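I opened this structure to take notes on a few residues and how they sit together. My entries follow.

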Amino acid sequence: MPNESDAGRRARRVTVDPQGPVLVEGPVEVVRDDGTVARSDRFMVAVCTCRRTRTPPWCDTSHRRRPKERPADDTRDGSGGAP
């Protein structure tokens with residue numbers, strides 16, 4: 001919720017990647033569940049949404065390592081789909 005002290009500040013751009021992190025124009029402060037604050041002064045930061053990161057709250061691309069699901073009709077095993 002905006003307050004009077006926010007009136008002169010420009011809006012931050014947030015980009016949501018359905019397969020990855022939330023990208024936020026920096027600098028950024030993220031308040032964690034325990035009340036501590038993580039701060040980044042970078043021009044763009046990636047905030048993890050998959051919870052696989054080893055560097056919370058920042059994305060470390062751990063979401064890229066999740067196994068890909070094969071389609072049900074995948075016959076790469078050479079069986080030709082026969083039971």
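Entry 1, a serine. I looked up where the side chain of Ser40 goes. It reaches the backbone nitrogen of Arg42 at 3.3 Å. I note that this is a predicted model. Ser40 lies in strand E4.

Is Ser40 buried or exposed? Ser40 counts as buried because its relative accessibility is 10%, and the cut-off for buried is under 20%.

I then listed what Ser40 touches. Leaving aside neighbours within four places in sequence, Ser40 is in contact with Pro27, Val28, Val45 and Trp58.

Strand E4 covers residues 37-40. I checked which way its side chains point. Ala38 and Ser40 point to one face and are buried.

Which strand pairs with E4? I found E3, residues 28-31, pairing with E4 in the antiparallel sense over four bridges.

I followed the hairpin of E3 and E4 through its turn. Five residues lie between the strands. Gly35 takes a positive phi there, near 95°.

Which residues make up the largest nonpolar core? I counted six: Val22, Val24, Val28, Val30, Val45 and Val47. Strand E2 (22-25), E3 and strand E5 (44-47) each supply at least two residues of this core.

Not counting residues up to four places away in sequence, Val28 touches Ala38, Arg39, Ser40, Val45 and Trp58.

Entry 5, the whole protein. I stepped back to look at the overall make-up. I found five strands and zero helices. Along the sequence, the pattern reads β-β-β-β-β.

How much of the protein is buried? Buried residues make up 22% of the 83 residues. I also looked at contacts between residues at least 6 apart in sequence, and 20% of these join residues at least 24 apart. Last, I noted the accessible surface, about 7,200 Å². Carbon and sulfur atoms account for 50% of that surface.

Methods:
Residues are numbered from 1 along each chain as its sequence is written. This is a predicted model: local features need pLDDT of at least 70, side-chain atom pairs count only at pLDDT 80 or more; totals for chains, interfaces and linings use all residues. Side-chain values use heavy atoms; hydrogens and water are left out. Buried means under 20% relative accessible area, exposed over 50%, partly exposed in between (1.4 Å probe, protein chains only). Two strands pair if DSSP finds at least two bridges between them. A nonpolar core is a set of buried Ala, Val, Leu, Ile, Met, Phe, Trp, Tyr and Cys residues joined through side-chain atoms within 4.5 Å. Contact means heavy atoms within 4.5 Å. A polar contact is a pair of N or O atoms within 3.5 Å; within protein, one must be able to donate a hydrogen and the other to accept it, and residues adjacent in sequence count only if both atoms are side-chain atoms. Accessible areas come from the Shrake-Rupley method with a 1.4 Å probe; for residues, only the protein chains shown count as cover.
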